[in-house]
Amino acid sequence: MTAYNTDYPVISVRPVADETFALRFHAPELSAALRPGQFLNILTSELYDPLLRRPYSISNVIGEECEIIFTIVGKGTALLAEKRSGDTIGVLGPLGNTFGYEKDFGTAIIVAGGIGVAPFPFLVRELQRREKSIHTFLGARNAGRVVRDGLAGLHIATDDGSEGYHGTAVACLDAFLGTHEPDRPRIFACGPNLMLRATQELAARRGIACELSLESEMACGVGICQGCPIERTEGERKYALVCTDGPCFDSRDIIFHEHHHA
Amino acid sequence: MNSAFALGSLVLRNRVLVASGTFGYGNELAPYTALDAIGGIVTKSVSMLPRQGNAPRRIVETASGMLNSIGLANVGLDAFISTKLPFLRTVDTAIIVNIAASSVEEYTAVLERLEMEEGIDAYEINVSCPNVKDGGLSFGTKREATAAITRDLRPRTRKPLIIKLTPNVTRVSDFAAACEDEGADAVSLINTLVGMAVDVRTRAPKLSTITGGLSGPAIKPVALAKVFEVSKAVRIPIIGIGGIMTWEDAIEFLLVGASAVQVGTASFRDPDAAAKIATGMDAYCEREGVADMQDLVGGLRIPQNVTAPGLVASR
Ligand SMILES: Cc1cc2nc3c(=O)[nH]c(=O)nc-3n(C[C@H](O)[C@H](O)[C@H](O)COP(=O)(O)OP(=O)(O)OC[C@H]3O[C@@H](n4cnc5c(N)ncnc54)[C@H](O)[C@@H]3O)c2cc1C
Ligand SMILES: Cc1cc2nc3c(=O)[nH]c(=O)nc-3n(C[C@H](O)[C@H](O)[C@H](O)COP(=O)(O)O)c2cc1C
Ligand code: FES
């Protein structure tokens with residue numbers, strides 16, 4: 001297994017939407033090893049605040065450079081936004097499994113809510129190389145929060161109706177499927193758990209294959225601490241680990257609970 | 001400079017081990033650190049049957065620390081032997097299996113089964129997990145129960161027996177003394193401190209089990225004081241645990257009386273932390289002209305006639 005725990009030089013941090021940034025760093029070997037859907041466990045502070053690393057989806061790989069995107073919601077992301085060219089960033093990875101982009105399907109239906117858009121530019125690139133048709137249903141709080149870089153086949157939905165469909169990305173997709181019949185579709189979804197749950201329900205109702213990229217609190221990111229369980233529908237083990245069994249799961253394999261929406 | 005650590009009949013390469021539950025079964029972090037640079041690996045607690053662990057949420061970060069409520073999720077004894085031990089046997093460092101159980105009989109059964117396996121150097125007995133209803137703390141907070149487990153296990157193995165103590169008691173030195181009396185080779189402390197965190201928005205506890213175990217730099221001062229207290233009460237080696245992030249932290253533990261240390265939460269920040277700490281301790285000794293690291297153990301320089309008012313008197 002190729003795996004790295006390295007300080008990489010930061011190349012740039014640029015705004016891509018309100019409160020949202022893309023951070024790019026130079027990591028030749030890591031960039032070659034990464035696949036869409038995987039994540040990195042990143043040290044945001046040299047001090048002990050935050051103490052733990054924060055997991056981030058690999059958003060894109062550009063030659064020898066890796067990019068993550070994040071919205072400022074707390075301490076870790078505030079520190080990441082202050083990084084400048086010349087700083088370094090401690091990265092552990094590649095971690096987790098990949099999206100099933102090599103599976104047999106015709107149309108990729110991407111559903112992204114908020115910063116859940118993060119893993120998709122990299123996925124879109126791999127899908128385009130395989131000449132899949134792509135529809136991306138992108139949900140955001142408002143027009144200012146929409147991150148569209150590197151995506152394809154965009155259908156935008158905003159909570160306040162300031163751009164595109166007025167409502168959620170999942171409702172927008174449901175309306176689309178009422179009038180279109182995509183060829184052998186496969187859903188790839190990432191976003192808040194409420195959105196993932198609605199996507200899971202839609203996929204079951206319409207009989208569409210569906211993968212969900214999950215979030216969880218994490219400490220280690222490598223299957224040691226047992227801190228990131230998600231309940232499984234069946235099998236000997238009651239819980240899967242988001243960090244090593246995921247973050248991408250078949251939507252039929254996992255169960256969301258109320259606390260996931262707190 | 002000699003940094004070896006004699007633990008009963010066993011000699012460890014150095015005085016830095018990795019703590020149970022924070023380093024898995026060794027294989028997970030092998031890509032990120034040199035396992036033969038550390039003195040020993042203490043495995044995740046192993047119980048007779050697999051344990052699924054507690055419902056999420058299991059982790060909350062707090063100021064300079066973290067709360068966990070894992071609930072001893074582990075693969076169970078059979079899977080440990082068939083899938084985890086084979087890798088551990090190949091690692092050139094001491095392998096210490098941590099055992100958790102909910103009755104004296106279960107501790108006995110697990111240890112006796114492990115005694116039949118090659119490649120185990122010592123045992124650490126977890127009587128101090130705060131996150132399970134059955135066992136764990138209910139043993140570790142009763143002096144007689146801690147003594148009974150030690151008494152029962154002692155004659156069943158010639159390998160070093162370490163009892164892992166909880167700080168969630170009034171006077172941990174009484175527990176350490178009981179372990180010494182019953183023939184334990186060492187005590188390790190501290191396991192996590194019971195703590196909690198609340199979400200003011202939902203007014204609900206953040207952890208599914210309401211309370212969890214606090215670890216990380218936040219607990220180091222408490223851990224140091226507990227080790228200091230125990231060092232006044234027992235002669236057997238003490239393995240200091242709690243918030244060790246750097247070699248300076250580890251040296252502090254030696255000075256207050258620990259013979260060795262375990263590195264826990266730090267491995268989550270940096271899988272190479274324990275190895276770096278071992279290197280840093282060696283360099284400190286070289287610089288300070290310390291010929292044998294043992295000379296640092298209990299070497300705290302206390303001005304004459306000064307006593308610690310916060311220290312509960314020992315036996
Ligand atoms: C596999 C995986 C991939 C991830 N990928 C990305 C990514 O690509 N981009 C990204 O920005 N984040 C991503 N996250 C979330 C990320 O790891 C952090 O949790 C998040 O950035 C917050 O960190 P912080 O230190 O800024 O906030 P903290 O200080 O930890 O939290 C501050 C407050 O924000 C809340 N909060 C925490 N996380 C979120 C969240 N995701 N959305 C809204 N509120 C939150 C907390 O409850 C808390 O109240 C991912 C998580 C996982 C598990
Ligand atoms: C996520 C996690 C899991 C743990 N699991 C165990 C365990 O299975 N058995 C055990 O004896 N201690 C367990 N511990 C306690 C640690 O071994 C250690 O005693 C404690 O974390 C204090 O050290 P630290 O501050 O360096 O982490 C666990 C700690 C953490 C953070
Ligand atoms: S984050 Fe530690 S096991 Fe998943």
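**Notebook: rings and helices**

I began with A:Phe120, which is buried at a relative accessible area of 0% (buried means under 20%, exposed over 50%, partly exposed in between, with a 1.4 Å probe and protein chains only). This is a predicted model, where local features need pLDDT of at least 70, side-chain atom pairs count only at pLDDT 80 or more, and totals for chains, interfaces and linings use all residues. Residues are numbered from 1 along each chain as its sequence is written, chains are lettered from A and ligands numbered from 1 in the order written, and side-chain values use heavy atoms, without hydrogens and water.

**Ring pairs**

I searched the whole structure and found ten aromatic pairs over all chains. Rings of Phe, Tyr and Trp (its six-membered ring) pair if their centres lie within 6.5 Å; planes under 30 degrees apart count as stacked, over 60 as edge-to-face and the rest as tilted.

How are the rings of A:Phe99 and A:Phe120 arranged? Their centres are 5.6 Å apart and their planes at 20°, so I noted the pair as stacked. A:Phe99 sits in the loop between strands S7 (88-95) and S8 (107-113) of chain A, and A:Phe120 in helix H3 (residues 120-129) of chain A, 21 residues apart. Helices (H or I, at least four residues) and strands (E, at least two) are DSSP runs, numbered from the N terminus. A:Phe99 is buried too, at 2% relative accessibility.

Next I checked B:Tyr107 and B:Phe139. This pair is edge-to-face, with 5.7 Å between centres and 70° between planes. B:Tyr107 is in helix H2 of chain B and B:Phe139 in helix H3 of chain B, so the pair ties together parts 32 residues apart in sequence. B:Tyr107 is buried at 1% relative accessibility, and B:Phe139 at 12%.

I also found a cluster: ring pairs link A:Phe99, A:Phe105, A:Phe120 and A:Phe188.

**Helices of chain B**

I then looked at H6 (residues 220-231) and H7 (residues 247-255) of chain B. They pack at about 25°, with axes 9 Å apart. H6(B) and H7(B) are therefore roughly parallel (angles under 35 degrees; over 145 is roughly antiparallel, 65 to 115 roughly perpendicular and the rest oblique).

Which residues of H6(B) meet H7(B)? I listed B:Lys220, B:Ala223, B:Leu224 and B:Val227, which meet B:Asp249, B:Glu252 and B:Phe253.

How values were computed. Axes are lines fitted to C-alpha atoms, for helices over the stretch in contact, and angles run from 0 to 180 degrees between N-to-C directions. Contact means heavy atoms within 4.5 Å.
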